[in-house]
Amino acid sequence: MQAFAQDGVPLVETTLLQNMERLAQEAHGLQPDDVVQWQAHGELRPRAGGDDEVWLHLQAKTSIPLTCQRCMGAVATPLEMDQWYRFVANEDIAMAEDDQSEEDLLVMEPQFDLLAVLEDELLMALPLVPMHEQCPVAPKLSAGDEGMEGGEVEKPNPFAVLAQLKSQKRVKSKLCKPAGRPSGAGAGEAMHIRL
Ligand SMILES: [Zn+2]
């Protein structure tokens with residue numbers, strides 16, 4: 001990561017969504033060629049009286065089919081993220097500084113898994129209640145529900161929104177540890193990008 005930041009050369013990549021297992025699980029009818037386009041670049045920023053700080057800028061864009069909560073059909077949902085991270089030496093510093101930091105903090109690790117961080121960000125960017133603006137097929141209403149027609153649009157539960165905001169604020173330092181992925185050969189092995 002240090003070397004990557006020193007280079008400053010951006011990494012521009014396209015990754016198949018099906019290789020992001022946790023994200024793929026949320027999808028509704030993922031196509032084999034559905035991808036996320038992303039880029040990352042690092043930089044060193046001088047710090048008075050100390051080592052240079054290592055910063056990472058990560059940007060990604062994709063569209064993922066999710067399950068519409070009204071008609072249960074697939075709804076193409078654009079996702080974007082654009083985030084700066086600052087690396088800190090350990091978990092304790094991350095916990096201590098997270099509250100005062102605008103940027104997100106990541107713990108410097110010898111094998112930093114960039115794709116795991118990217119996947120975490122995209123998971124957090126998923127809408128709570130994916131829905132078509134206008135469903136291609138009207139939801140089936142039983143005879144007794146006729147009064148509902150043209151009625152209220154389902155709103156996300158405010159408490160659920162709050163919960164999501166809270167979870168977004170959590171220390172991201174934990175995220176850079178690769179989640180327990182299945183070991184062994186297979187497509188999954190190629191997807192780890194360690195810097
Ligand atoms: Zn729908």
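## Terms and basis

Two strands are taken to pair if DSSP finds at least two bridges between them, and the strands themselves (E, at least two residues), like the helices (H or I, at least four residues), are DSSP runs numbered from the N terminus. Residues are numbered from 1 along each chain as its sequence is written. The model is a predicted one, in which local features need pLDDT of at least 70 and side-chain atom pairs count only at pLDDT 80 or more, whereas totals for chains, interfaces and linings use all residues.

## Overall composition

The protein chain holds six helices and five strands, and these follow one another along the sequence in the pattern α-β-α-β-β-β-α-β-α-α-α. Of its 195 residues, 19% are buried, a residue being buried if 20 or more other C-beta atoms, placed from the backbone, lie within 10 Å of its own.

Two residues are in contact if their C-beta atoms, placed from the backbone, lie within 7 Å; among the contacts between residues at least 6 apart in sequence, 64% join residues at least 24 apart.

## The sheet

Five strands form an open sheet with the order β1-β2-β3-β4-β5 and mixed pairing. Its edge strands are β1 (11-16) and β5 (104-107), each of which pairs on one side only. From one strand to the next the twist averages 30 degrees, where axes are lines fitted to C-alpha atoms (for helices over the stretch in contact) and angles run from 0 to 180 degrees between N-to-C directions.

Strands β2 and β3 run antiparallel and are joined by 10 bridges, with Glu43 standing opposite Trp55 in β3. Strand β3 (residues 53-67) also pairs in the antiparallel sense with strand β4 (residues 74-88), over 13 bridges; along this pairing Leu56 stands opposite Tyr85, and Gln59 has Asp82 in β4 as its bridge partner.

## Helices on the sheet

Helix α3 (residues 91-98) packs on the sheet, where it touches β4 and β5, and its direction makes about 170 degrees with that of β5. Helix α4 (residues 114-125) also packs on the sheet, touching β1, β2 (35-45), β3, β4 and β5, and its direction makes about 130 degrees with that of β4.

## The hairpin turn

β3 and β4 form a hairpin with six residues between them, and Met72, which lies in the turn, has a positive phi of about 65 degrees.

Note on methods. Buried ≥ 20, exposed ≤ 12 C-beta atoms within 10 Å, placed from the backbone.
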